[in-house]
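Welcome, and take a moment to turn the model around before reading on.

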Amino acid sequence: MARKRSFDSNVVLDQIMIYFWRHGFQATGFRELTTETGIKAQSLYNAYGSKNALYYQALEHYVAVTSEVADGIVASDQTWDNKVAALLILDWGKLPYPDGCMVISSLSEFDEIDPKLNEVSNKLFEHLTACFIKVLQPVADELRADLEIGGIATQLLTIHNGIQVAVRDNQYPTDIRQIVATTIQALRTEKTV
């Protein structure tokens, strides 16, 4: 009979996600993860599988957490421009997460993109694009008529990704706030400027 796990797998997965996010896949081994979590290597292996499997579970966890934060921004009672700004920056607030985006860091770490990494990153990017669309559709009359909302959302995702790289490299807040303000200003009709 298998022994019951004596740890909260969500808490441990969050710790593992943060460690991979800070240090990357290449610099992280089971030794570092056992030190970080306080769980023996065999127990981690039994619970999550290989380092690759564990890494992708951590990435999937990141996508779920990020999607939840983004959905919260969309559902908030902020103005549309504040929602767009919040989605562009995606500030973690009180959560103890590193700066930047784990998915973007992962994409820049590997020479060849694994199909699984593509799948996970596309899931995140599609979700964020959908969030931008949800924010913009109700205020289409406040946006420039020559811009299509799907195209704007794609452009905002690209800017979001660039901001995540800049935040990771400690260029926040001055440069980032200017980029966000300029981006939002460029979306408005002349009447709403």
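## Two crossing helices

Helices H1 and H4 pack with their axes 9 Å apart, at an angle of about 100 degrees. Helices here are DSSP runs of H or I with at least four residues, numbered from the N terminus. The axes are lines fitted to C-alpha atoms over the stretch in contact, and the angles between N-to-C directions run from 0 to 180 degrees. H1 and H4 are therefore roughly perpendicular to each other, a label for angles of 65 to 115 degrees. On the H1 side, the contact is made by Asn10, Leu13, Asp14, Ile16, Met17, Phe20 and Trp21. H4 contributes Lys51, Leu54, Tyr55, Gln57, Ala58, His61 and Tyr62. Contact means heavy atoms within 4.5 Å.

A word on what you are looking at: this is a predicted model, where local features need pLDDT of at least 70, side-chain atom pairs count only at pLDDT 80 or more, and totals for chains, interfaces and linings use all residues. Residues are numbered from 1 along each chain as its sequence is written, and side-chain values use heavy atoms, with hydrogens and water left out.

Let us move on to H2, which covers residues 30–37 and has Leu33, Thr34 and Thr37 as buried residues. Buried means under 20% relative accessible area and exposed means over 50%, with partly exposed in between, using a 1.4 Å probe and protein chains only. Seen down the axis of H2, its buried residues fall within an arc of 100 degrees, so they line one face of the helix. That arc is taken from the directions from the helix axis to the C-beta atoms. What do the buried residues of H2 pack against? Their partners are H1, helix H3 (41–48) and H4. On the face turned away from the buried side, H2 carries the exposed residues Arg31 and Thr35. After H2 comes Gly38, with a positive phi near 75 degrees.

## Around helix H6

Helix H6 spans residues 102–109, and its buried residues are Met102, Val103, Ile104, Ser105 and Ser106. Their cover includes H1 (9–23), H4, H7 (115–136) and H8 (149–168).

Leaving aside neighbours within four places in sequence, Ser106 is in contact with Tyr55, Leu59 and Leu117. A polar atom of the Ser106 side chain also lies 2.9 Å from the backbone oxygen of Met102.

Leu59 sits in H4, which runs over residues 51–75. Not counting residues up to four places away in sequence, Leu59 touches Met102, Val103, Ser106, Leu117 and Val120. The C-alpha atoms of Leu59 and Arg188 are 35 Å from each other, and these residues are 129 apart along the chain.

From helix H7 comes Ser121. With residues up to four places away in sequence not counted, Ser121 touches Val103 and Leu107.

## Some buried residues side by side

| Residue | Relative accessible area |
|---|---|
| Leu59 | 0% |
| Cys131 | 1% |
| Cys101 | 2% |
| Ser106 | 2% |
| Ser121 | 2% |
| Leu90 | 4% |
| Thr183 | 11% |

Thr183 belongs to helix H9, residues 174–187. Apart from neighbours within four places in sequence, Thr183 is in contact with Leu88, Leu156 and Ile159.

## A backbone detail and the cysteines

Most residues other than glycine have a negative phi. Leu90 is not a glycine, yet its phi is positive, about 50 degrees. Where is Leu90 placed? Leu90 is in the loop between helix H5 (80–89) and H6.

How many disulfides does the structure hold? There are 0 disulfides, a disulfide being a pair of cysteine sulfur atoms within 2.5 Å.

Conventions: A polar contact is a pair of N or O atoms within 3.5 Å; within protein, one must be able to donate a hydrogen and the other to accept it, and residues adjacent in sequence count only if both atoms are side-chain atoms. Angles under 35 degrees count as roughly parallel, over 145 as roughly antiparallel, 65 to 115 as roughly perpendicular and the rest as oblique.
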